[in-house]
Structures are given as C-alpha cells and as structure tokens.
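Please open the structure in a viewer and keep the selection panel at hand. The stops below are meant to be visited in order.

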Amino acid sequence: MLLIRSTEFVPAWHPLELSYGPQVGQLDLQDRQNLLEEQYSFKCQCSSCSELNFSDLIINAFRCPKADCLGVVSHVSHYKKIEDDLLQVSGASYSCRLSLPVVSKHKMGISKVAHMLIKENGVTCDIGPGYCLSCGCYRDLEFSVTASNSAMFNIQMLKDSITSKGVPDILISDALESLSHLKMIRHPYSKVVAQAEDNIAEAYVRIGEFERAMNHCIASIEILEKLYPAEHIVIGHELMKLASIQLSLDDHAAALSSIKQVEAIFSLYYGSHMTKIFPYIEAFKREAESLLEETNSV
Ligand SMILES: [Zn+2]
Ligand SMILES: [Zn+2]
C-alpha cells in the first residue's frame with residue numbers, strides 16, 4: 001500500500017505536487033531549475049517554481065552597504081516594478097513575477113524586507129546586479145564574493161575540525177571573526193549566515209559551552225524560519241539540536257517546549273509513523289518531562 005501524506009492543505013481538484021529534491025529555502029529558483037533540468041531533464045512548473053519566492057531573492061543575497069538598510073543586493077540581472085505589489089525579475093534564463101508574501105508571525109522579517117522592496121522606497125525602474133533593491137546603493141559584488149568566500153573558508157575549517165577530538169580555541173576565535181565579517185557582507189537572512197551560525201553552535205557543543213551554543217543555534221533557526229515555509233522539516237531538525245542544548249543547560253521547560261515543536265513538525269511529515277522512525281523524540285520528551293517534574297517538586 002502506498003500512503004501519500006500532504007504537508008499542507010490541498011484544495012479539491014488541485015494537482016498534487018511532489019518534490020524531486022530541491023525545495024524552496026534550500027536552493028534559489030535558478031539553482032532548483034538547473035538541478036531538475038540536469039538530473040531529470042524537465043523544466044519544473046510547480047507552484048513554487050512558477051513564481052519567485054522571497055526566499056529565492058534572499059537566500060544567496062548580499063547586504064546593502066548602508067548600515068541601516070535591510071535591502072537586498074543580488075547577482076540577478078534586472079528588477080523592475082510593474083505594479084504596486086508586483087516586481088518583474090529577469091535573470092539569466094528566466095523572467096518572473098514576485099508578489100508580496102502573506103504576513104505571518106514567522107515571516108515578519110522577510111515581509112519587512114519585501115515591503116521595503118516593493119512598497120516603500122524600493123525599485124522604481126530597471127535596477128541591475130550589485131545595486132540595493134531598496135535604496136539603490138552599490139556593492140562591489142566581485143570583492144564581496146571573495147571576502148565572503150574567505151570568511152566561509154575559515155568557518156568550514158572549524159566545521160572540519162569538529163570531527164576530531166576537541167576543537168582548537170584559535171579556530172573558534174577565527175570562525176567568530178569570520179562570522180562577523182560574513183554578516184557585514186551577506187544579507188542577514190542569507191543561507192550562508194544560517195550555516196555559519198549552525199557550525200559555530202556545533203563547535204561550542206563539542207567543547208561544552210552550551211550557553212554560547214544555544215545563542216548561535218537560535219540565530220540559525222531564526223534565519224531558517226525566514227527562508228523555509230513554516231514548519232519545514234529542516235527547522236524541525238535544527239530545533240532538535242536546540243532541545244538537546246537546552247537539556248544540557250538544565251533548562252528543562254525550554255527543552256520540552258522545543259521538543260514539542262519538533263514533534264508537531266515531524267508528525268506533519270510522518271504522521272503516526274513518526275514514533276517508529278524517530279523513537280528518540282518520545283524518549284527525549286519523557287526525560288525532559290520527568291526532569292521538569294523533579295525540578296518543580298524540589
Ligand atoms: Zn518546482
Ligand atoms: Zn539599501
């Protein structure tokens with residue numbers, strides 16, 4: 001028997017969509033389309049690929065050189081405002097429309113960026129690569145790519161060292177410095193910043209500095225929540241890491257709250273099979289609950 005589980009509400013007669021791998025939040029539209037073209041020889045026309053998502057715009061973006069501007073600077077060829085809440089985006093091989101995202105609790109940050117871009121002082125005419133879509137400031141992309149790559153290299157060095165015993169202090173301090181460089185170059189909601197935060201959190205876990213690990217883990221989750229649709233499995237996996245860190249910090253209430261979020265996300269994907277596939281979730285929850293009871297009864 002083949003069981004298909006939908007992760008979101010599907011209206012009657014609406015076609016069912018199945019992901020071949022790359023998803024919104026994981027890769028941008030151009031990269032998703034290229035991958036599907038190369039591996040499966042088709043041009044995807046699913047609902048996510050028919051319209052540009054804001055995460056497509058931000059995932060690989062650079063930040064505006066103006067310190068107080070959250071505008072997006074990207075490599076895409078041209079942006080042009082066509083209506084009050086609609087933007088035409090023309091890349092190397094595609095041209096699509098970008099409409100304002102629905103404002104929700106998790107998407108507050110991204111909605112703010114979107115409104116700056118489309119509604120307020122954003123794009124009014126053709127705007128090319130390297131220019132901020134909100135204020136028009138220019139960023140040298142060639143220089144920024146080099147600087148961003150070198151920061152990411154240092155963070156990768158840290159990640160590679162995590163597999164061996166312990167983590168050298170010097171690599172952690174280099175990685176922290178690189179993270180702050182990265183944040184000056186890349187858009188604060190870009191994926192590389194989320195990955196860097198996650199790598200640094202992992203290093204801190206390894207050396208037992210859980211408070212710091214937690215802060216970086218939360219920073220990573222906050223970015224993922226902007227890039228991925230709400231309750232995406234990727235966020236679930238990151239929340240699982242957060243729950244373990246909170247448990248190590250003896251913050252049983254916080255750990256329990258995180259694991260309940262993990263449970264909600266995983267059961268959306270796996271339904272009643274969740275407990276069989278991820279038995280540790282139930283065990284983790286029981287442990288957090290009993291520790292919390294112990295703390296409360298003292
Ligand atoms: Zn698609
Ligand atoms: Zn700007």
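Predicted model: local features only at pLDDT ≥ 70, side-chain atom pairs only at ≥ 80, totals over all residues.

**Stop 1: the zinc site**

Select the zinc ion (ligand 2) together with Cys 64, Cys 69, Cys 132 and Cys 135, whose SG atoms are its protein donors and lie 2.3 Å from it. The angles subtended by the four donor atoms run from 101 to 122°, so the arrangement around the zinc ion (ligand 2) is tetrahedral. For reference, the ideal angle for four tetrahedral donors is 109.5 degrees. Along the sequence, the donor residues follow the spacing C-x4-C-x62-C-x2-C. Within this set, Cys 69 and Cys 132 link distant parts of the chain, 63 residues apart: Cys 69 belongs to the loop between strand E1 (62-63) and strand E2 (72-73), and Cys 132 to the loop between helix H4 (108-118) and helix H5 (141-162). Cys 69 and Cys 132 are both buried.

**Stop 2: Arg 32 and Asp 56**

Seven salt bridges are present in the structure. Select Arg 32 and Asp 56, whose side chains form one of them at 2.8 Å, N to O. Arg 32 sits in helix H1 and Asp 56 in helix H3 (residues 54-58), so this pair ties together parts 24 residues apart in sequence. Arg 32 is buried at 1% relative accessibility, and Asp 56 is buried at 7%.

**Stop 3**

Move to Glu 197 and Lys 183, where a salt bridge spans 3.2 Å, N to O. Glu 197 is in helix H7 (residues 191-206) and Lys 183 in helix H6 (residues 169-185), 14 residues apart. Is Glu 197 buried or exposed? With a relative accessible area of 3%, Glu 197 is buried, whereas Lys 183 is partly exposed at 37%.

Next select Asp 198 and Lys 241, which meet in a salt bridge of 3.0 Å, N to O. Asp 198 lies in helix H7 and Lys 241 in helix H9 (residues 233-248); the pair therefore ties together parts 43 residues apart in sequence. Asp 198 counts as buried at 14% relative accessibility, while Lys 241 is partly exposed at 35%.

**Stop 4: a nonpolar surface patch**

Finally, select Leu 18, Tyr 20 and Tyr 40, which make a nonpolar surface patch of about 370 Å². Leu 18 is located in the segment before helix H1 (29-40) and is exposed, with a relative accessible area of 72%.

Notes
Residues numbered from 1 in each chain as written. Chains lettered and ligands numbered in written order. Heavy atoms only, no water. Patch = residues over 30% accessible without salt bridge, like charges linked within 9 Å, V, L, I, M, F, W, Y side chains within 5 Å. Areas by Shrake-Rupley, 256 points an atom, 1.4 Å probe, with all protein chains shown as cover. Salt bridge = Lys/Arg side-chain N within 4 Å of Asp/Glu carboxyl O. Helix = DSSP H or I, 4+ residues; strand = E, 2+ residues; numbered from the N terminus. Buried < 20%, exposed > 50% of the residue type's maximum accessible area, 1.4 Å probe, protein only. Donors = N, O, S within 2.8 Å, 3.2 Å for Na, K, Ca; no water. Tetrahedral: all angles 85-135°; square planar, octahedral: opposite > 155°, others 65-115°.
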